[in-house]
Amino acid sequence: QVQLVESGGGLVQPGGSLRLSCTASGSILAIYVMGWYRQAPGKQRELVATIISGGNTNYADSVKGRFTISRDNAKNTMYLQMNSLKPEDTAVYYCNKFPNGSWGQGTQVTVSS
């Protein structure tokens, strides 16, 4: 089973940008749908964005126009470019496939001045 590892989180000021990476231990060619999720303190995990192997994407309303999901099958990596970050984007971000596999450690994103 392919394992997914998230990276790229950090502390950023409001209005700033970060790019998250989700690196797979093997090929992601066979993974039709992949997605980014996030979980803020005291809240349930929520789906942020999805991408299918053909490139079609979908976003939660809260991030539409600010976040961009992409995947590079040759590098076995999925990305989440996050721009115009807001304090409410603060959360642990996770990547996973559909249907969901095991969850990784996630990467912390903190938006604060």
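**Aromatic cluster, disulfide and sheet in a predicted model**

Three aromatic pairs are counted in this predicted model. Rings of Phe, Tyr and Trp (its six-membered ring) are taken as paired if their centres lie within 6.5 Å; planes under 30 degrees apart are stacked, those over 60 are edge-to-face, and the rest are tilted. One of the pairs is formed by Tyr37 and Trp103. Its geometry is edge-to-face, with 4.9 Å centre to centre and 85° between the planes. The pair links distant parts of the chain, 66 residues apart. Tyr37 belongs to strand E4 (residues 33-39), whereas Trp103 lies in the loop between E9 and strand E10 (107-111). Helices (H or I, at least four residues) and strands (E, at least two) are DSSP runs, numbered from the N terminus.

Tyr37 is buried, at a relative accessible area of 8%. Trp103 is partly exposed, at 32%. Here buried means under 20% relative accessible area, exposed means over 50%, and partly exposed covers the range in between (1.4 Å probe, protein chains only). Trp103 also pairs with Tyr94. Tyr94 is buried, with a relative accessible area of 10%. Ring pairs join Tyr37, Tyr94, Phe98 and Trp103 into a cluster.

A charge sits over a ring if NZ of Lys or CZ of Arg is within 6 Å of the ring centre and within 35 degrees of the ring normal. Arg45 lies over the face of Trp103, 3.9 Å from the ring centre. Arg45 also lies over the face of Tyr94, at 4.2 Å from the ring centre.

The structure contains one disulfide, defined as a pair of cysteine sulfur atoms within 2.5 Å. Cys22 is joined to Cys95, with an S to S distance of 2.1 Å. The link of Cys22 and Cys95 is right-handed, with 75° about the S-S bond. Cys22 lies in strand E3 (residues 18-24) and Cys95 in strand E9, so the bond ties together parts that are 73 residues apart in sequence. Cys22 is buried, at 1% relative accessibility. Cys95 is likewise buried, with a relative accessible area of 1%.

Strand E3 is also part of an open sheet of four strands. The order is E1-E3-E8-E7, and the pairing is antiparallel. Two strands pair if DSSP finds at least two bridges between them. Strand E1 (4-7) and strand E7 (67-72) are the edge strands, each pairing on one side only. Neighbouring strands of the sheet are turned by 15° against each other on average, direction ignored. Axes are lines fitted to C-alpha atoms, for helices over the stretch in contact, and angles run from 0 to 180 degrees between N-to-C directions. E3 and E8 pair in the antiparallel sense over six bridges. Ser21 has Tyr79 in E8 as its bridge partner.

Ser84 is located in the loop between strand E8 (77-82) and strand E9 (91-97). Ser84 is partly exposed, with a relative accessible area of 42%. Residues up to four places away in sequence aside, Ser84 touches Gly15, Gly16, Ser17, Arg66 and Asp89. Contact means heavy atoms within 4.5 Å. The C-alpha atoms of Ser84 and Ser7 are separated by 19 Å, and the two residues are 77 residues apart along the chain.

Residues are numbered from 1 along each chain as its sequence is written, and side-chain values use heavy atoms, with hydrogens and water left out. As the model is predicted, local features need pLDDT of at least 70 and side-chain atom pairs count only at pLDDT 80 or more, while totals for chains, interfaces and linings use all residues.
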